[in-house]
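User: I've got a structure here and would like to go through how its parts pack together. Can we take it piece by piece?

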Amino acid sequence: MKAAVFTGPEQITIVSDTLPQPGRSQVRIKLEGCGVLACDPISRDGQDKALTSAEPMGLNGEGWGVVDAIGPNVRSLSIGDRVASLARSAYASHHLADADSVIPLPPLLDGMPFPGNSLSRVMNIFRRSDIKAGKRVAIIGIDFVGALLIQLASTAKAHVIAISRRPASLAVAKRMGAAEAFIIGEHGAADDPVRIIETVHELTGGYLCDRVIDTTGEAGLIDLAAQLTNAQGRLIMAGCQQANSHEGVMQPLRERGARAIQTDERNRGMGPGVGSEVCVDGMLEAVAAIMDGRLDPTPLYTHRYRLEELGQALIAARDQPDGFMKALVIY
């Protein structure tokens, strides 16, 4: 097998090793590819995870491929099944996964990438948002997850307002079904938060939004999200943040009857327990949504790399150049 390993901070080497053998309740997957997450190593703001072990890289489960070996006590999967996995170490030609963190992919999805962690996160956030026809929905942060949430919400006949710091993402938001899209910033062509609140107030006749989803976890945008949420509405914090760090924002929200929900799905599914069950359920929901046409992530797979180009893929996921939505490593 081939695998990417850290040989030093920000130093990636592709090594060859013997194929691992599946243990009890495990399967081995010959990977076709995996998704790349911005929170993988070579991370933003200089806070790099200085991993130096010889373990294969890949801190989040984003791999898909074909089962080529099964261990004892596996009844739900067979050799030759095309599957998606939540197992770690997807930056390799093969990896081992617990059978209960793997789902089969139907034949109609043959040839389609399936980065399970991200797609599961989308479906879990959407389910907890309880978005229905006629609801006014603001989605803050138009990355891969935000764009797919726009698609699901607009397909559900909600009125969607998209807000992003990235000018290039506005066109994506419109293509995915947003009725309005705004750039937030300090000056220039971008609107400041006060102007966005005023505009949404006007657009909704003073009603504001029934649902507001923040995918960024940024303090300033959480504050904006709270101010866009109407009384009896629901604010869904879907970025990497701690609820208690925003108590000053959350308390006034609760006092007027709105509800705040924290749902960080980024790092779930990494091991046994409730987190992995939630992610598996989300993957199954993503399969169903793709099959019935509510979800189509294909146009958002904007950057593809070989395993030997993993460093470039991680940098693109971190820096998000114009046009970037989702990077894949294809084997």
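User: Leaving out residues up to four places away in sequence, which residues does Ile-150 touch?

Analyst: Keep in mind that this is a predicted model. With sequence neighbours up to four places away not counted, the residues that Ile-150 touches include Gly-177 and Met-176.

User: Are α1 and α2 parallel, perpendicular or oblique to each other?

Analyst: Their axes come within 10 Å and cross at roughly 45 degrees. Roughly parallel would need an angle under 35 degrees, and roughly perpendicular one of 65 to 115. So α1 and α2 are oblique.

User: Is that crossing of α1 and α2 left-handed or right-handed?

Analyst: On the α1 side, the residues that meet α2 are Ser-118, Leu-119, Arg-121, Val-122, Met-123, Ile-125 and Phe-126. Their partners in α2 are Phe-144, Val-145, Leu-148, Leu-149, Leu-152 and Ala-153. As for the hand, the crossing of α1 and α2 is right-handed.

User: Is Leu-170 buried, partly exposed or exposed?

Analyst: Leu-170 sits in helix α3. Beyond its neighbours within four places in sequence, Leu-170 is in contact with Ala-181, Phe-182 and Ile-183. Buried would take under 20% relative accessible area. Leu-170 comes out at 23%, so it counts as partly exposed.

User: How far apart are Leu-170 and Ala-181 in space, C-alpha to C-alpha?

Analyst: In sequence, Leu-170 and Ala-181 are 11 residues apart. In space, the C-alpha to C-alpha distance is 5.9 Å.

User: Within what arc do the buried residues of α8 fall, seen down its axis?

Analyst: Helix α8 (residues 310–319) has Leu-310, Ala-313, Leu-314, Ala-316 and Ala-317 as its buried residues. They line one face of the helix, because seen down the axis they fall within an arc of 160 degrees.

User: Which residue just after α8 takes a positive phi?

Analyst: The phi value there is about 50 degrees. The residue is Gln-320.

Notes. Residues numbered from 1 in each chain as written. Predicted model: local features only at pLDDT ≥ 70, side-chain atom pairs only at ≥ 80, totals over all residues. Heavy atoms only, no water. Contact = heavy atoms within 4.5 Å. Buried < 20%, exposed > 50% of the residue type's maximum accessible area, 1.4 Å probe, protein only. Helix = DSSP H or I, 4+ residues; strand = E, 2+ residues; numbered from the N terminus. Arc of directions from axis to C-beta. Axes fitted to C-alpha atoms, helices over the stretch in contact; angles between N-to-C directions. Parallel < 35°, antiparallel > 145°, perpendicular 65-115°, else oblique. Left-handed = near helix turned anticlockwise from the far one by under 90°.
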